[in-house]
Structure formats: structure tokens, C-alpha cells
Amino acid sequence: MRVMIIGAHPDDWEFSCGGTAIKFAKRGDEVVAVSVTNGNKGHFYEEYKSYPSKLAARRMEEARRAAEMIGATFETLDVDDGEVYVTKELTEKMARLIRKHRPDLIITNRPVDYHRDHRYTAQLILDVAYMLTVPLFCPDTPHLERMPVIAYWWDRFEEIKPFRADVVVAIDDVIEGKIDLLMAHESQVFEWLPYNAGELESVPSDEAGRREFLARRIKGRAEAVRKSCEERIKELFGEADFLYAEAFQISQYGRQPDPEELKGLFPV
């Protein structure tokens with residue numbers, strides 16, 4: 001199977017569905033990880049204010065390293081961080097990229113996400129969804145014969161509509177691998193995000209301490225996903241015998257899989 005995981009920023013997919021991505025790769029699926037932006041604003045060092053290209057280069061390298069860990073391909077549309085807008089040019093770039101990889105499944109964030117880059121990334125995908133199958137749209141790239149399934153990864157946002165868990169993936173057996181993926185994003189998990197959260201002084205300086213610091217965050221999120229999906233987990237599995245989970249909502253904008261196909265789309 002061909003899977004495209006499309007986030008706005010270089011570390012988005014690792015946080016939100018890194019465990020499931022590992023399972024896709026282990027299953028033998030072709031995984032393409034996409035960052036719409038180059039991540040050139042997500043930091044606070046003075047040198048990056050004057051030379052954002054240095055930060056972009058660092059983040060692109062982190063993203064490539066993480067993707068390589070699971071044998072995934074990494075791509076970027078190289079939009080400057082914080083500057084994702086739904087334009088004709090970017091919409092067509094997104095269409096061409098999806099057509100290039102011809103995925104069976106696209107995973108992204110919901111269009112109700114807190115971050116504008118995230119919302120517009122999702123909107124770009126939804127805007128091109130039907131057009132992917134239209135031959136005269138971007139005729140320089142072959143159209144898709146079949147619409148991909150589009151899935152959103154889990155979030156807590158309820159302002160417009162709460163997340164609906166259509167699929168739950170247990171990730172206990174790959175949680176350490178998910179932590180490995182995010183360890184690659186040093187500029188974010190040990191610098192920018194702690195700084196932005198006002199907890200930079202609590203970040204350990206040694207490797208083991210840093211991994212433990214990150215593991216608490218990743219495992220805490222994965223536990224929160226499982227707890228928030230308890231009713232759906234009972235429907236799917238009966239009693240849950242796992243601690244950590246990732247969950248997904250099937251978008252109405254993509255192809256609608258029947259229950260049997262849905263079972264096969266996501267790894268167990």
C-alpha cells in the first residue's frame with residue numbers, strides 16, 4: 001500500500017502518527033512523509049533570526065533523518081514557516097505531489113487545528129481531493145484513477161466539532177521507535193517547544209535525561225489518545241489491553257472505504 005502523511009511542519013507526523021507510520025513501514029507499505037513548510041521560523045536563537053535558511057537546513061536534515069529511520073521518503077513543498085495559504089500555485093503543487101506518489105491513503109491533521117499552517121495544509125488537501133481524478137486539471141501530471149482515502153490524526157479541538165475516532169491503532173510495541181523518531185528533531189523537542197512552553201530550563205543536558213524528558217511527553221499523549229477513545233476501543237477490541245494509541249477519523253472528502261477495507265488500511 002502507498003501512504004502519504006502530510007503535515008505543515010517537519011515534525012508534525014512524528015508527533016501525531018509516528019507509531020502508526022512505523023507499523024506501515026514494518027508491514028511493507030510505501031510511506032511518504034511530507035512537510036509543506038521548511039520550518040524556518042520555529043526557533044528563538046538569534047542567528048536564526050538573521051539567517052532563517054540555517055534553521056530550515058537544520059530542520060530539513062532532522063526530517064530526512066527521521067524518515068530514513070523507517071525507510072520512508074521525505075518531501076517538502078518548501079513554503080516558509082507561518083506562511084501557508086490556500087493559493088492557486090500551492091494548490092496545484094499539492095495536486096502534483098499527490099499525483100506523483102499516487103497514494104491509497106493520505107493522513108493529515110483536521111482543518112479545525114489550532115495552527116493556521118495546519119488548517120491551511122488540510123484545506124489544500126481537501127481542495128485538491130476531487131480534482132486529483134480530473135484529467136484536465138494540472139494536465140502535465142497523470143490524473144488518479146481512484147480517489148485516495150483521507151484520514152485525520154487525533155486532536156483535542158472541540159470548538160467546531162470534536163474528533164471522531166473511526167480507527168484506533170495500538171502502539172505499545174512501537175512506542176520506543178516513536179520516541180526515536182522525535183529524538184531526531186532536536187531543534188524542536190529540546191529547544192523550541194520547551195522554550196515556547198516556558199520550560200526550557202527543565203530540559204536535561206545528557207542524552208539519557210533528554211530521552212526520558214521526551215518519553216514522558218510522547219507516552220502521556222499516547223495515553224491521552226487511548227483514554228479519549230475508550231468507547232470506540234470497546235467497539236473495536238472489547239477491553240483494551242494496551243496503554244498507548246493513535247487514532248484517526250476518515251474524511252468525507254476522500255474515498256469512503258467499507259468496513260472490511262478500513263480494517264486492512266491501517267495496521268494492527
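This is a predicted model: local features need pLDDT of at least 70, side-chain atom pairs count only at pLDDT 80 or more; totals for chains, interfaces and linings use all residues.
**Entry 1**

I looked up how helix α6, residues 175–183, sits against helix α8, residues 207–228. Two packed helices are described by the angle between their axes and the distance between those axes. Here I read an angle of about 120 degrees, and the axes are 10 Å apart. Angles of 65 to 115 degrees would count as roughly perpendicular and those over 145 as roughly antiparallel. I therefore put α6 down as oblique to α8. The crossing of α6 past α8 is right-handed.

Next I listed the residues that make the contact. From α6 they are I175, E176, K178, I179, D180, L182 and M183. From α8 they are E207, R211, L214, A215, I218, K219 and A222. I then sorted this contact by class: 8 residues are nonpolar, 6 are charged and none is polar.

**Entry 1: the cysteines**

How many disulfides does the structure hold? I found 0 disulfides. I checked C17, which is in no disulfide. Its nearest cysteine sulfur belongs to C229 and is 14 Å away. A disulfide would need the two sulfur atoms within 2.5 Å.

C138 was my next cysteine. It lies in the loop between α5 (116–129) and β5 (149–153). Its relative accessibility is 5%, and C138 therefore counts as buried too. I wrote down its phi as well: the value is positive, about 50 degrees, although C138 is not a glycine.

I looked up where D78 lies and found it in strand β3, residues 73–79.

D104 lies in a loop, the one between α4 (88–101) and β4 (105–108).

Which residues does D104 touch, once its neighbours within four places in sequence are left aside? I found M1, R2, R146, P148, V149 and R255 in contact with D104.

How values were computed. Residues are numbered from 1 along each chain as its sequence is written. Side-chain values use heavy atoms; hydrogens and water are left out. Axes are lines fitted to C-alpha atoms, for helices over the stretch in contact, and angles run from 0 to 180 degrees between N-to-C directions. Helices (H or I, at least four residues) and strands (E, at least two) are DSSP runs, numbered from the N terminus. Angles under 35 degrees count as roughly parallel, over 145 as roughly antiparallel, 65 to 115 as roughly perpendicular and the rest as oblique. A crossing is left-handed if the near helix is turned anticlockwise from the far one by less than a right angle, and right-handed if clockwise. Contact means heavy atoms within 4.5 Å. Ala, Val, Leu, Ile, Met, Phe, Trp, Tyr, Cys and Pro count as nonpolar, Asp, Glu, Lys and Arg as charged, and the others, Gly among them, as polar. Buried means under 20% relative accessible area, exposed over 50%, partly exposed in between (1.4 Å probe, protein chains only).
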